[in-house]
Amino acid sequence: MDVRTIERDLFERLKGIAERTPEGEWRIASARRSTIPARYLSEYGQLAGAAALFPDASLPWLIGQIETRPAERGLHVQPVPEEDLRGQSRTFEQLQTAVQQHRPCQFTYKGKPRHTHPYRLIHKNGIWYLAAAELNAQTGAQIAAQQLKNFSVARIEALRVDEHASFAPQPEHLAYLERQPDIWFTRQPVEATLRVAAAVAHYFTRRDLLPGQITRADADGSLLVTATIHHPQQLLPIVRYWMPHVRILEPQEWDEQLILSVQETLRQWLPENRAKTRSEKPSKTRAGKKAGKTAEKQTAKPAKEQP
């Protein structure tokens with residue numbers, strides 16, 4: 001029996017247990033190993049977006065932490081609230097395969113049928129999104145050839161992946177996704193300028209709160225912050241959170257929009273506008289209870305009519 005026959009026999013008998021390396025050597029199949037290569041820890045950190053989570057990202061430090069008993073570790077990372085997609089694992093798996101194999105997808109989103117070319121699944125702030133180019137249902141052409149759209153995976157319904165067709169990803173879309181830091185897609189970003197008061201300046205310098213953020217400290221301790229904004233909702237919620245310590249300088253129309261929304265909110269909260277709502281609910285105050293009891297007595301024992 002020659003060597004080739006022995007190798008062929010081994011391959012057949014050990015299929016799924018052993019595998020051949022590119023160098024011609026045999027090793028235990030990855031799925032059968034009780035441990036994983038240490039480098040996978042770094043790759044997982046990159047995949048999960050946690051590469052910069054710890055000050056020391058070296059493998060020896062990370063392995064040392066894993067081998068330390070949890071009670072003695074001295075570290076605890078508060079998890080970011082994540083949406084639960086376990087009920088849609090099949091949809092997620094289909095979308096991932098479609099992205100990797102460049103398969104067109106059809107689905108219902110917000111009650112409308114969508115025809116798309118999927119490009120990437122993106123996780124942002126605990127939510128999974130599909131970045132895709134939407135197509136015209138009749139012509140098959142892209143609705144906006146120069147722009148991608150985001151679709152919340154949790155809201156995708158009736159997904160169908162075309163297993164018999166494929167599309168050629170556009171290089172400009174791929175390059176755009178590589179440099180885009182958010183799930184808001186637009187080809188005409190706006191440069192916004194903010195004035196941040198000294199009282200909260202530290203929060204804007206310890207980490208970037210806005211995409212493409214650049215800060216300049218002034219003599220009074222305040223910051224002039226510029227950011228590259230693709231959609232107003234990237235900016236306005238941040239400014240609302242830090243009011244009144246943050247003000248939009250540019251674009252002025254966004255500042256005016258924010259002021260109008262605050263004024264409208266305050267108008268709805270004014271006592272005279274809430275009086276009707278309060279009058280529709282039973283009063284819980286002591287005076288209200290006393291008035292209620294008096295009314296009950298008057299109802300039970302009507303007063304005598306006046307002569």
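This report walks through a predicted model, from its confidence to its sheet and its nonpolar cores.

Residues are counted from 1 along each chain as its sequence is written. Because this is a predicted model, local features need pLDDT of at least 70 and side-chain atom pairs count only at pLDDT 80 or more, while totals for chains, interfaces and linings use all residues; side-chain values use heavy atoms, with hydrogens and water left out.

The average pLDDT (the predictor's confidence in each residue, from 0 to 100) is 83 for the chain, and 80% of the residues reach at least 70. Take care with residues 284-307: pLDDT stays under 50 there, and the model gives that stretch two contacts (heavy atoms within 4.5 Å) beyond four places in sequence.

## The five-stranded sheet

Helices and strands here are DSSP runs, numbered from the N terminus (helices are H or I, at least four residues; strands are E, at least two). Five strands make an open sheet in the order β6-β5-β4-β3-β7, with antiparallel pairing; two strands pair if DSSP finds at least two bridges between them. At the edges sit β6 (149-152) and β7 (156-161), each pairing on one side only. From one strand to the next, the twist averages 45°.

Strand β3 (residues 105-109) is joined to β7 by four bridges, in the antiparallel sense. Within β3 and β7, Y109 stands opposite I156.

## Helices on the sheet

Helix α5 (residues 89-101) packs on the sheet and touches β3, β4, β5 (127-135) and β7, with its direction at about 90° to that of β4. Helix α6 (residues 171-179) lies across β4 and β5, at about 40° to β4. For these angles, axes are lines fitted to C-alpha atoms (for helices, over the stretch in contact), and values run from 0 to 180 degrees between N-to-C directions.

Look for H117 in strand β4 (residues 112-124). H117 has a relative accessible area of 16%, so it counts as buried (under 20%; exposed is over 50%, partly exposed in between, with a 1.4 Å probe and protein chains only). Leaving out residues up to four places away in sequence, H117 touches P104, A132, A133, L135 and F167.

## Two nonpolar cores

A nonpolar core is a set of buried Ala, Val, Leu, Ile, Met, Phe, Trp, Tyr and Cys residues joined through side-chain atoms within 4.5 Å. The largest has 20 residues, and L194, V196, F204, L235, V239, V246 and I248 touch the most other members. Among the elements supplying at least two residues each are β8 (190-196) and α9 (252-269), while β10 gives the most, with four.

Beyond its neighbours within four places in sequence, V239 contacts L194, V246, I248 and L258. A second, separate core of 16 residues includes V99, L130, A132 and V153.
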